[in-house]
Amino acid sequence: MRKTTTLLADGRELIYYDVDEADHSAVDRRPLPKTTSSSEIRHNALLGEHVGYAAHRQSRTYHPPADQCPLCPTSGDRLSEIPDDSYQVAVFENRFPSFGGDRGRCEVVCFTSDHEVSFAGLTEERAALVLSAWTDRTDELSRLPGVRQVYCFENRGAEIGVTLAHPHGQIYGYPFVTPVTERMMAAVAEHRRRTGGNLFDEQVAAERADGSRVVLQTPHWIAFVPYAARWPYEVHLYPARRVPDLRDLDEAERAEFPGVYLELLRRFDRLFGPDAGPTPYISGWHQAPFDAADRSEFALHLELFTIRRSADKLKFLAGSESGMGAFVSDVLPEAAAARLREVASE
């Protein structure tokens, strides 16, 4: 992997990732004012969780036409967030961050300069480069004093709320430990206290032994629909060996990941038939907080799910889910896993 770091016109950092040598000397020619972040974080004492406020995001770019996409490479006088006329993978500080300054950091990850391609359409080589970028950003953000946890994720599809169609994801460097991670780590700690075992390891072992919810497995990875999945189609992808974050994956695990992940994404796109269109999804890496005393107990894993429950129906979070956090799903996990096995690549 080759890494080139430069600055955009407003002082934000831009990093290019390439498989081999590339010239990234193009300069951002836009007359941008210096970026400022007005994000605020408040603590909800009743729920024991933090809430971020970022009023400046109301003015962010919203569903631009393809010929004005800010994530496509710069072409002539059409200037974008990427000054070069082509790139492989590019990461830059979000112009409209949810967190910033000494309160975390938000970045955008462009998976390819091709506006019409999805992640599922990438080559294994390019998917491996994205994994390298995720790993590098996790390492770099871990060094920032305002970041306690890193979440690399992709929102895909207008149904999810995506406002830019270009294939991209985001990286959040949170200035706090997120509620989901806190609940996971509390459950893992309590299980260790009661039984002496690791809850992540035991759940993965149970899914492997049962087999009915396993979607695919290789020597170094296993993907399954969890026993108590919240979403209609939800897959968790674990390395066979417990590690706390992306930096700890070994070469064999890194080499095998692209094929496994691309196969999962392609199966998601085949779930509802050829006429249903691309499946909307959220995909993200759960990693251990950097300052957790028991971070070695945490298991790195990727969670991939869709809000689509059938070809023409979406799963909305209504009263029970949104109001009380009590999920009710329309699809049994075993049925979801069976369908995901049915649509495997030939």
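**Reading the model**

Modeller: Helices (H or I, at least four residues) and strands (E, at least two) are DSSP runs, numbered from the N terminus. This is a predicted model, in which local features need pLDDT of at least 70 and side-chain atom pairs count only at pLDDT 80 or more, while totals for chains, interfaces and linings use all residues. Residues are numbered from 1 along each chain as its sequence is written, and side-chain values use heavy atoms, with hydrogens and water left out.

Colleague: Does T123 count as buried, partly exposed or exposed?

Modeller: Buried means under 20% relative accessible area, exposed over 50%, and partly exposed in between, with a 1.4 Å probe and protein chains only. T123 has 48% relative accessibility and therefore counts as partly exposed. The C-alpha atoms of T123 and G259 are separated by 8.9 Å, although the two residues are 136 apart along the chain.

Colleague: How is a pair of aromatic rings described?

Modeller: It is described by the distance of the centres and the angle of the planes. Rings of Phe, Tyr and Trp (its six-membered ring) pair if their centres lie within 6.5 Å; planes under 30 degrees apart count as stacked, over 60 as edge-to-face and the rest as tilted. There are 22 aromatic pairs in the structure. One of them joins F119 and Y261, edge-to-face, with 5.2 Å centre to centre and 75° between the planes. This pair links distant parts of the chain, 142 residues apart: F119 is in the loop between β6 (105–110) and α1 (124–142), and Y261 is in helix α4 (residues 251–270). F119 counts as buried because its relative accessibility is 1%, and Y261 counts as buried at 2%. Y151 and F153, by contrast, form a stacked pair, 4.9 Å centre to centre with 15° between the planes.

Colleague: Which residues do ring pairs link into a cluster?

Modeller: The cluster consists of F111, F119, W134, W221, F257, Y261 and W285.

Colleague: Which way do the side chains of a strand point?

Modeller: In a regular strand the side chains alternate between the two faces of the sheet. In strand β10 (residues 221–224), W221 and A223 point one way and I222 and F224 the other way, and all are buried.

Colleague: How many bridges join β9 to β10?

Modeller: Two strands pair if DSSP finds at least two bridges between them. Strand β9 (residues 214–217) runs antiparallel to β10 and is joined to it by three bridges. The two form a hairpin with three residues between them, and Q217 has I222 as its bridge partner in β10. On β11 (residues 233–239), which is also antiparallel to β10, four bridges are found, and P239 is the bridge partner of W221.

Colleague: Which residues of helix α6 are buried?

Modeller: In α6 (residues 333–342), the buried residues are P333, A336, A337 and L340. They lie on the same side of α6 because they cover an arc of only 95° around the axis, the arc being that of the directions from the helix axis to the C-beta atoms. Their cover includes β9, β11 and α4.

Colleague: What does T135 touch?

Modeller: Contact means heavy atoms within 4.5 Å. T135, in helix α1, touches L246, R247 and R254, not counting residues up to four places away in sequence.
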